[in-house]
Amino acid sequence: MTETATVSPPPSEGDATAARPRNRMRWVRLLIPIGVVVLLLGFTTVAAVIEAPHPSSETFLSPNGGDEHGGSRLQGLLTEQGVSVERFTTAQDAFTRASEGDTTLFLPATQFFNYEDMRMLRSVATASNLRIVAVQPEREFLADIGLRKSESRIATKTVAPTSGDGEACELSAALDAGDAAIFRTRYEPLGGDEWNACYGGSLMGYEGVDTSYFVAGSPDVFSNEFIGQDGNAQLATGLLGANSSVVWLDQHEDTPQPQRSDEEEEPQSHNESPSRRPIQYPEAGEPAPIYSALPSWFWAAMIGALLVGVMVALSKGRRLGAPITEPLPVTAPAAEKVYGRARLYRRAHAYEQSLRALRAGALRRIRQPLRLSSQATEAEVVAAVSHRIGWPEPDIESILYSRIANDEQELLEITQAIDALVAAVENASPQGRNT
C-alpha cells in the first residue's frame, strides 16, 4: 500500500522574512558564551591591576605605613633584631647618608629617580660595605647594574629558592628563608655570570667586594599583608638586616628634574663593577603592561582555547534554538520520508532511537492479532506472544524490550529478529524464527 504525505505549499515571502530574526538569534546565542568569557577575563585583569599596590601611594612599603601595603611590620622586625632604621623622603638625602658606608640602602620605588639621582647613586656605590636592595626597579636602573626584565606575572606566587635552571641558589638570605612570595617579575643578566638567581630569577643578587646589589621581583615579601606568610619575614629581614643600619628611602613622587649641562657627563669604564657600568638598554622595548601582566604561555593557551571554542560552537550552531519547521515545496511519497529519517539515524549512529521506533511499530502490528490494548504491560505482551507462537518468554522479552545494539551489525540482527517475531504472530506459527 502506498501512502502519500500531505505537504503544504512553498513558504511565502512573509514566512522567509519571519525566519530571519530566528537566524539572528542563533548567532546571538553563539556569541554570548564567547562574550562572557572575554568579559570575565578582562574584568579579572583590570581588577588585579586596580587592586595591586602602586608606589605613588603614601603608604607603599613605607616604614610609617600601617595598612596592608605598608612596611611598618618589617621595620618592627628589624628593630627587634637591633637594626637601626633611618627613613628619608628624598633620594639625595638617602644617598648622602648611604655614602658613609656600613649600611643597607632600601629602594622600594626607583621609578621616581631622575638622571641626577641615578648619577649620585653610582657614586654612592663606591662606599664600603654597602648593600643596595631594590624592589621591582625600572629599566634604567636595571640596565645600569647589568640586568633586564625577562617576564612578569599578574600576581605573586610562592616558590622555593631555586635558580631559573631548577638548581639551588647561592644567596644565604634565600636559603635561610625557604619558600617565599616573591615570584612575580623575573630578571636575567645582560652579560656575564656574576649574578646569583633565586626563586626562578625573581631575586637576583650580586655580592661585590664593597657593594652588593639585590633585586626583588615583588613587593609582597616586604608588605604588612604578606610578611607573616611562609618565609617572607625571614627573607625580608635577611636582605635588609645584614648591616647595623638601614637607610629606607620613602619616596612616592618624582624628584624635580635639575638642569643638565654637558660638563656633568662622566665617562664610564666597561671594566668596572655592575654599579659603575654604563646604561645598556635591551634591544627590545618594554612590552605593553596588558601583555606583560601574564606569561606568554597563558596567552597562547587562551588563543588556542578560543579557536577550539569557536570551531565547536560553529559545528553545534545548527542545534541552537528551537527547531524550525518548514513545509516541503513538493509532494513526496511517505516511504521517502521514512528512508530520509532512517538515513539521519544512521548518520548519527542513533541505534537506541532506531530500535525504539522499530519496536513501537512492531507492537502496534502484533496487538491486533493478540487482541491486546495499547495499555497492556510488557509482561502481558510477552505472555500473549509466547502463548500464540510458542517461543520462550525470555527470548521474546529480549527482542521486544531489553536487548540493545552497540553497532550497526547488532541493530540489523535485532531488526531481523523483530521482523521474524511479527511474522510469526501474524501467521500464528513459529515459521521464520531467527535462531
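Two strands are taken to pair if DSSP finds at least two bridges between them. By this criterion, in what is a predicted model, β2 and strand β9 (residues 245-249) pair in the parallel sense, over 3 bridges. Within this pairing, F106 has W248 of β9 as its bridge partner. Helix α2 (residues 72-80) packs on the sheet, where α2 touches both β1 and β9, and the direction of the helix makes about 165° with that of β9.

The sheet to which these strands belong is open and comprises 7 strands in the order β1-β9-β2-β3-β8-β7-β6, with mixed pairing. Its edges are formed by β1 (84-88) and β6 (196-198), each of which has a single partner strand, so that one side of each is left without a neighbour in the sheet. From one strand to the next, the twist averages 15°.

Helix α4 (residues 115-124) is largely enclosed by the rest of the structure, because 7 of its 10 residues are buried, a term that denotes a relative accessible area under 20%. At the start of α4, a side-chain oxygen of N114 reaches to within 3.1 Å of the backbone nitrogen of E116.

Key:
Residues are numbered from 1 along each chain as its sequence is written. This is a predicted model: local features need pLDDT of at least 70, side-chain atom pairs count only at pLDDT 80 or more; totals for chains, interfaces and linings use all residues. Side-chain values use heavy atoms; hydrogens and water are left out. Buried means under 20% relative accessible area, exposed over 50%, partly exposed in between (1.4 Å probe, protein chains only). Helices (H or I, at least four residues) and strands (E, at least two) are DSSP runs, numbered from the N terminus. A polar contact is a pair of N or O atoms within 3.5 Å; within protein, one must be able to donate a hydrogen and the other to accept it, and residues adjacent in sequence count only if both atoms are side-chain atoms. Axes are lines fitted to C-alpha atoms, for helices over the stretch in contact, and angles run from 0 to 180 degrees between N-to-C directions. Contact means heavy atoms within 4.5 Å.
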